[in-house]
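Welcome! Take a look at the sequence and the structure below, and then let us walk through some of the details together.

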Amino acid sequence: SKREIKMRKLDSTKVRPLKTEQLLHIEDHDFALRPGFGGSPIPVGIDVQVESIDSISEVDMDFTMTLYLRHYWKDERLSFRSNKNKSMTFDGRLIKKIWVPDVFFVHSKRSFIHDTTVENIMLRVYPDGNVLFSLRITVSAMCFMDFSRFPLDTQNCSLELESYAYNEDDLMLYWKHGNKSLSTDEHISLSQFFIEEFSASSGLAFYSSTGWYNRLFINFALRRHIFFFVLQSYFPAMLMVMLSWVSFWIDRRAVPARVSLGITTVLTMSTIMTGVSASMPQVSYIKAVDVYLWISFLFVFLSVIEYAAVNYLTTIEERKQLKKRGKASGMYSMDAVQAMAFDGCFHDTDVDMDLTPFPDPCEENETRASQTNISNVDTPRLKRKRSLKGNVGRIILQNNHVIDTYSRIIFPSVYIVFNFFYWGLYI
């Protein structure tokens, strides 16, 4: 009826809206070509706001960053008439119908545009044809790290932007506001690093097949927190080295106690070193933490070797004392040897008994004859040399317990000097 037709005309929801294509006259131009095709290169300004640095991976040697990437350029084909000189804002659906810069991230591994609840894309067009194109992106890119000073290191990473198709003859990429083009969120923080600085720079990249391209750099320096590694690696290593020194105060005859203590400290140091290496990339050079842990391991190992030397010299001394006493008592000699075989300890209470050896006349005659022959053959120089060696050897054998006394001073002193040079060199 006529009444129904009239009602339909008055219903504004049934009126077809004005198309954006008709407002911007997109159908009248070929947007497959860049603005000003055939002329001078089109300048494209860039500014970046870093929202967060999500992670730093030493094993993969990369970092993940979330940022707002904004492009500025002028395309007169998108100009329109406006009485109030207001801009128009669109979402990502218009991007596929116009020309936009093809900026990509050099050395990126993974990247994506956030799409919750819709794609985080904004396009703003001004009446004079100026365009603002903004994206919210998360990108993972390579960071060439040097771990020679790990964990006392500072890493310098950069995120690089470049046009993929247009070289410097077609597109000039630059920072829109100079050094102020890069801004960061005040609350950016990382668990293992201090962010020391952010800076923007630019340069050129050359490809043999396609020529020179403008490249922009987002540079940032990361200094590692040392306190975590002090608690997890350095402090336990120090304690293990100090624990190995306890062996120097244990009686040299207590073989089980000193051996078990030495083996325990060696195995614990091996566990600490394995734990540190498991969380690091398999690099072919020595890291600072490796130097510290290996030298600490050497100190622990040398404490075990020190007791091996003390025990060996003690055994030689005991054998010589038994040999000097002779066969004063067959039962006594057998008891001493058996006791040493069972517990590995020499019992001074048995040896210090007031026993008078019975000298053998044959042995005394042979000894005198040999001494006479040696005195006729040796020169005075050889006599002094042999006498000196004999005295030194006799002093070491008779006072092998002094090795422990010296070790109590030498080991801590050398370790303190090592720590002084180590921390002075790397900090």
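## Two loop residues with positive phi

In this predicted model, Met61 sits in the loop that links β1 (42–57) and β2 (62–74). Its phi is near 55°, a positive value in a residue other than glycine. Met61 has 26% relative accessibility, so it counts as partly exposed.

You can find another such case at His107, in the loop between β4 (103–106) and β5. His107 is not a glycine, yet its phi is positive, at about 65°. With 37% relative accessibility, His107 counts as partly exposed.

## Cis peptide bonds

Now follow the chain to Thr117, in the loop between β5 (108–113) and β6 (121–125). The peptide bond leading from Thr116 to Thr117 is cis, with omega near 5°.

Pro151 belongs to the loop between β7 and β8. The bond from Phe150 to Pro151 is cis too, and here omega is near 0°.

## The disulfide

The structure holds 1 disulfide, and it joins Cys143 to Cys157 with an S to S distance of 1.9 Å. Cys143 lies in the loop between β7 (130–142) and β8 (154–163), while Cys157 is in strand β8, so the link ties together parts 14 residues apart in sequence. The link is left-handed, with -80° about the S-S bond. Both Cys143 and Cys157 are buried.

## Helix α10

Finally, look at α10, which bends by about 25° at Arg408, with Pro412 following within four residues. Its buried residues include Phe411, Tyr415, Phe418 and Tyr422. The buried residues of α10 pack against α3 (227–245), α4 (255–278) and α5 (288–325).

Notes: Residues are numbered from 1 along each chain as its sequence is written. This is a predicted model: local features need pLDDT of at least 70, side-chain atom pairs count only at pLDDT 80 or more; totals for chains, interfaces and linings use all residues. Side-chain values use heavy atoms; hydrogens and water are left out. The bend at a residue is the angle between axes fitted to the seven residues ending there and the seven starting there. Buried means under 20% relative accessible area, exposed over 50%, partly exposed in between (1.4 Å probe, protein chains only). Contact means heavy atoms within 4.5 Å. A disulfide is a pair of cysteine sulfur atoms within 2.5 Å.
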